[in-house]
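Please look at the sequence and the structure together, and keep both at hand while reading the paragraphs that follow.

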Amino acid sequence: TNYQSFSLSCAQELFVNNIANIGQWYKSKVFQWDDFTPAYSEALLENNTIVLLDVDSDGISNQAALIHLLIESHQRGNRLVSFGSGVSLLAQTGLLNGKRIAVDKRYYDEYCFRFPQVNFSTDIVFSGEDNLYCSASSVAALQLGIHLISEDIESDTASKVANLLQVT
């Protein structure tokens with residue numbers, strides 16, 4: 001698997017490890033997008049949130065099925081979150097069309113060319129609209145994750161996570 005280790009580590013620290021040490025925390029499963037099979041669909045649709053890590057969308061098997069799954073998940077009211085280049089997979093769904101979306105400066109020109117219907121911005125750290133959240137870079141993923149913890153659990157817990165990760 002060719003995951004960006006920082007992006008995967010961010011997701012692990014934010015949503016798996018329960019570093020805040022509280023009773024109610026996220027229940028998480030990790031799926032490898034490059035080996036995606038439609039058999040994953042039911043398990044993924046059961047999740048309230050799907051996080052798309054840095055990904056080379058050209059290397060995903062069954063990419064059309066995954067894009068369909070992401071659209072269906074969003075239609076069911078689930079939250080879709082992308083860290084860094086995971087935004088390219090989310091942009092392929094069409095769900096970001098017309099929205100102002102945070103993007104890493106390294107990908108700005110390429111993504112504006114590939115997805116002209118999306119209003120990419122390098123001026124914001126993360127974006128969140130209509131249950132679609134995108135971080136501009138791997139470091140911004142920590143800030144976005146802390147924001148989501150604040151929304152999902154409470155601001156005191158999010159502050160505790162931010163302090164533990166030294167993201168204040």
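Asn18 is found in the loop that runs between helix H1 (5-16) and helix H2 (41-45), and in this predicted model its phi is near 50°, a positive value in a residue other than glycine. Most residues other than glycine have a negative phi, and it is against that background that such a value is worth noting. A second case is Gln166, whose phi is near 55°, again positive in a residue that is not glycine. Gln166 lies in the segment after helix H7 (155-164), and with a relative accessible area of 70% Gln166 counts as exposed, because the cut-off for that word is over 50%.

From the backbone we can turn to the charged side chains. Side chains of opposite charge can pair when their charged atoms come close, and a salt bridge is counted here when a side-chain nitrogen of Lys or Arg is within 4 Å of a carboxyl oxygen of Asp or Glu. By this rule the model has six salt bridges, and some of them are described below.

Which partners does Arg79 have? One is Glu151, with the closest N and O atoms 4.0 Å apart; this pair links distant parts of the chain, since Arg79 belongs to strand S2 (residues 79-82) and Glu151 to helix H6 (residues 138-152), 72 residues apart. Another partner is Asp152, whose side chain meets that of Arg79 in a salt bridge of 2.6 Å, N to O. Asp152 is in helix H6 while Arg79 is in strand S2, so this pair ties together parts of the chain that are 73 residues apart in sequence.

Through salt bridges that share partners, Arg79, Glu151 and Asp152 are joined into one network.

A further salt bridge is formed by the side chains of Asp130 and Lys99, at 3.9 Å from N to O. Asp130 lies in the loop between strand S5 (126-129) and strand S6 (132-135), and Lys99 in the loop between helix H4 (87-92) and strand S3 (100-102), so that this pair ties together parts that are 31 residues apart in sequence. Is each of the two partners buried or partly exposed? Lys99, at 12% relative accessibility, counts as buried, while Asp130, with a relative accessible area of 45%, is partly exposed.

Terms used. Residues are numbered from 1 along each chain as its sequence is written. This is a predicted model: local features need pLDDT of at least 70, side-chain atom pairs count only at pLDDT 80 or more; totals for chains, interfaces and linings use all residues. Side-chain values use heavy atoms; hydrogens and water are left out. Helices (H or I, at least four residues) and strands (E, at least two) are DSSP runs, numbered from the N terminus. Buried means under 20% relative accessible area, exposed over 50%, partly exposed in between (1.4 Å probe, protein chains only).
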